[in-house]
Amino acid sequence: MDLARRAVPGGAAGRSRSTAAMPTIPEVDRCVHCGLCLNQCPTYRVTRVETESPRGRIHLVRSMAEGRLSPSGSVAGHLYLCLGCRACETACPSGVEYGRIAESARDAIGPPGGLFSRAVLRVVLRHLMPHPGRLRLTARLIHFGQRTGLSQALSRLLPRSLRRGIELLPRIGALPGEPRAEVLPALGERRARVAFHTGCAMDLFFSDVNDATIRLLRRSGCEVHIPRGQVCCGALNMHNGELASARRMARRNIDAFPEGMDAVVTSAAGCGAALKEYGHLLAGDPAYRERAGSFSGRVRDATELLFAMSASPPTATPSTEQREAVVVTYSDPCHLAHGQGVRAEPRALLGAIPGVTVREMDPPDRCCGSAGIYNLLEPEMADEVLREKMEAVRATGAAVVVAPNPGCMIQLRYGAARYGVPVAVRHLMEMLDEARA
Amino acid sequence: MNVSALARRLRKTVGDRHVLHRPDDLIVYEQDGIMVNKRPPDLVVLPATTQQVSDVVRIAREAGFPVVARGAGTGLTGGAIAERGGVLVALTRMTRVIEIDTASRTAHVEAGVVNAELTALLAPTGLFFAPDPGSQVAATIGGNIANNAGGPHCLAYGVTSNHVLGLEVVLADGTVVWMGGGAWDAPGYDLPGILSGSEGTLGIVTSAIVRLMVKREAVRTLLAVFDTMEAACEATSAVIAAGVVPEALEIIDGMAMRAVNATLQVGFPEDAEAALIVEVEGLEESMPVLVARLEEICGAHGARRIQTARTGGERLSLWKGRKHAGGALGKLGRHTIMLDLCVPRSRLVEMMQKVTAAGERWGVRIANFFHAGDGNLHPNLIFDFDPESEEFGRVVSTTEEVMRACVEMGGTITGEHGIGLEKREYLGWMYSETDLAAMRRVKSAFDPAGSLNPEKIFPMGRAVHTSAKSPPIADQSGETAWT
């Protein structure tokens, strides 16, 4: 019997949707196959299989580009079982930017999953994410569903992955009321002019975190501009095989944000990492290449900017535990630590809050399994990855876990409940805002 | 029995999920840490217990397929490449730490336990597992044993075989035996010694009882920067000649330091041609004396800057820089081949001159970072052309010239990476036919049918990198779509 024929699931002719060949991705050539990334990869740690490691996935991409391996659903599965946490980039001695390899490879494949989920994702990524109005309408529907209990009732009729999505969704406390003013003056002397990217999920589910961030920025002397024409950063599109729509969203944001700002700020780590990639994303677009590069060059996570603007840079003093102190542990969002290399600033800000004792978990920078919409698409793996994270949180005995990214916050809240860890999940900006109030 | 029938039988033993057969699942196992040789196995099996390994070996043997063991696949000589196809047994799922005995300072661990994870686990006890190869963050204990791995600290602590007390081994017919045990002196033949470095050709180690060392009271790590490689090598010889035996004594050259600097900030200079990393351990009181002595010797040999790591973090950072050097070579070129030579320490300078000359003669760039204290060199040949190309001949010529020079100086062609398929043709440079015949008899005693990691270690009379020409992996289904 022919093994290869049996090997490919669902490979019947006529069901294929994409036969695009894998392009040559120059970044692949920088991998020397040393394997030092393996044990830092959450999916390798769970499976211990080479195909679920960064080195293995790069080898798949390389083999296809060389024409030695044919595309298949199985290959797509390996490439999409990656969380996109980019811990391998931190581990890689050669500085291979796996995130970029994954984006290009997934773009050749198209969105993940079977026929149905790919169709749904395409609609969501192309026709919902780029449109703030439609997102707000969706939020209203979710809000209505949550208040009336309709969403729970409805969820029983849905396929498993969508049902989980509804379970995971945080309750929307209040619907967006009056849109924020377009320009908010600095409180006190103006020291900088910054533009604020609100994010889509961030502003729908955590609009109070955004409000807190804006207050903190203004108090630090920033005049905050909130451009009306801005759209979602496009991170989900970039990571799920939709580079063309991601590029459209990037161009709209670049057009919407005024030139001459000192910084473009976001309080969502995932958005920040994506916004910092615009220069790369639009490198092949002569009309936007330069503006994209300069836009990305000005993007700052709110923790970076607040740290830089603090009068005397705060220094964390994690060792001196105060008696009454609240023990807090910090969970590095992957796209802040691995994606943007921002680790020290949030810790310094957190450690300087009076009454807070920071106790590090081991390791603090391993993925929680949220990874955008990964926890909906790969629930079993996401739960396994989350388990290790929650045990690390538990071991600290902390009462609060801080993660400045909406996806992580949703996942950690779910994890605290699922694995019975008595811990509150907060965004750093909320804590800073409360401390200064 | 054909592959499909074999797969069916193996699935019954280890479970469906742990027998891999699709083209994509096999192709990622076609090479290990080596870049230029490839061959996918017919099947990959991931057993979870010694009993399963035993069953897999027995079933494969009955079906007439060779069996190749593999750990994390970080080896540098192609030892874990299933060159003749067959069943690749990946031991990565066997990650249990069965027992840590702090009183007798031993640990019983399964073969798939990652070296650095064992060390991390032991940290609170003040004990550690001494072998520390550059790949330790990923490499498994089983792989360390199979290659008799070294590392910077083997200068003081010895190589892996010095730390193995007992081995649980699956033999070629599937029998499970213990060699040695938990005690320090096992009577009879030193079989753990024979298995160490045997690269899976004599049996498959499934668990091991290893010695643990006690962390010394104090440690100091120095970085001494030199303007020439020659000066760094001479300083090394002088340190040893002065009777100071550091725990580690490493040299890293300018090209490698600049590659590391591109991704890590560990304090390596941008403009120097060589640096020495020296580590000494002992009692706190002895540290100032030792450090002063090292500074004096390095200074006398022209070190332009000498600094001691001020914190534990700085020390770890220096080591991270050193251990990432191999992986950082991707910054310098598309392909690398890392050689692994040992020369008498008195001939370090001379050997390094030969390395440089060979690189210049054949037009191949060479980066160096190595265990200078025990004369274990790692010239890294860096090139951008394909291993299938004509130009690759220059790489092979460089390799051979360097190794020939090393043997002529009384050195060896491999210090700690093993022989695999990359060095086997050169074993005849080291041993006479009679010597090799004695080794072959050991192989025959353990594996008369030659089914365990066949054709490795011994000369085959073939071109060294024949398997570099890798065909497309068979996918007769005609499948070319993503789902």
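Predicted model: local features only at pLDDT ≥ 70, side-chain atom pairs only at ≥ 80, totals over all residues.

Two strands pair if DSSP finds at least two bridges between them.

Q: In β4(B), which residue is the bridge partner of V67(B)?
A: Four bridges join β3(B) to strand β4 (residues 87-90) of chain B, and these two strands run parallel. In β4(B), the partner of V67(B) is V87(B).

Q: Which strands are the edge strands of the open sheet of chain B?
A: The open sheet has four strands with mixed pairing, in the order β1-β2-β4-β3 (chain B). An edge strand here pairs on one side only. The edge strands are β1 (19-20) and β3 (67-70) of chain B.

Q: What angle does the direction of α1(B) make with that of β2(B)?
A: Helix α1(B) packs on the sheet and touches β1 and β2 (43-45) of chain B. Its direction makes with that of β2(B) an angle of about 10 degrees.

Q: At what angle does α3(B) run to β4(B)?
A: Helix α3(B) lies across β2, β3 and β4 of chain B. Relative to β4(B), α3(B) runs at about 175 degrees.

Q: Are α1(B) and α3(B) roughly parallel or roughly antiparallel to each other?
A: Helix α1 (residues 3-14) of chain B packs with helix α3 (residues 50-63) of chain B at an angle of about 165 degrees, their axes being 10 Å apart. Angles over 145 degrees count as roughly antiparallel. The two helices, α1(B) and α3(B), are therefore roughly antiparallel.

Q: How many nonpolar residues has the contact of α1(B) with α3(B)?
A: From α1(B), the residues L6(B), R9(B), L10(B), T13(B) and V14(B) take part. They meet Q52(B), D55(B), V56(B), I59(B), A60(B) and A63(B) in α3(B). By class, the contact of α1(B) with α3(B) has two charged residues, two polar ones, and nonpolar residues numbering seven.

Q: What is the handedness of the crossing of α12(B) and α13(B)?
A: Helix α12 (residues 348-362) of chain B and helix α13 (residues 392-408) of chain B have axes 9 Å apart and pack at an angle of about 160 degrees. That makes α12(B) roughly antiparallel to α13(B). Their crossing is right-handed.

Q: Which residues of α13(B) make the contact with α12(B)?
A: On the α12(B) side, the contact is made by M351(B), K354(B), V355(B), A358(B), G359(B) and W362(B). By class, the contact of α12(B) with α13(B) has seven nonpolar, three polar and three charged residues. Those belonging to α13(B) are R394(B), S397(B), T398(B), E401(B), V402(B), A405(B) and C406(B).

Definitions and conventions: Residues numbered from 1 in each chain as written. Chains lettered and ligands numbered in written order. Axes fitted to C-alpha atoms, helices over the stretch in contact; angles between N-to-C directions. Parallel < 35°, antiparallel > 145°, perpendicular 65-115°, else oblique. Contact = placed C-beta atoms within 7 Å. Nonpolar A, V, L, I, M, F, W, Y, C, P; charged D, E, K, R; others polar. Left-handed = near helix turned anticlockwise from the far one by under 90°.
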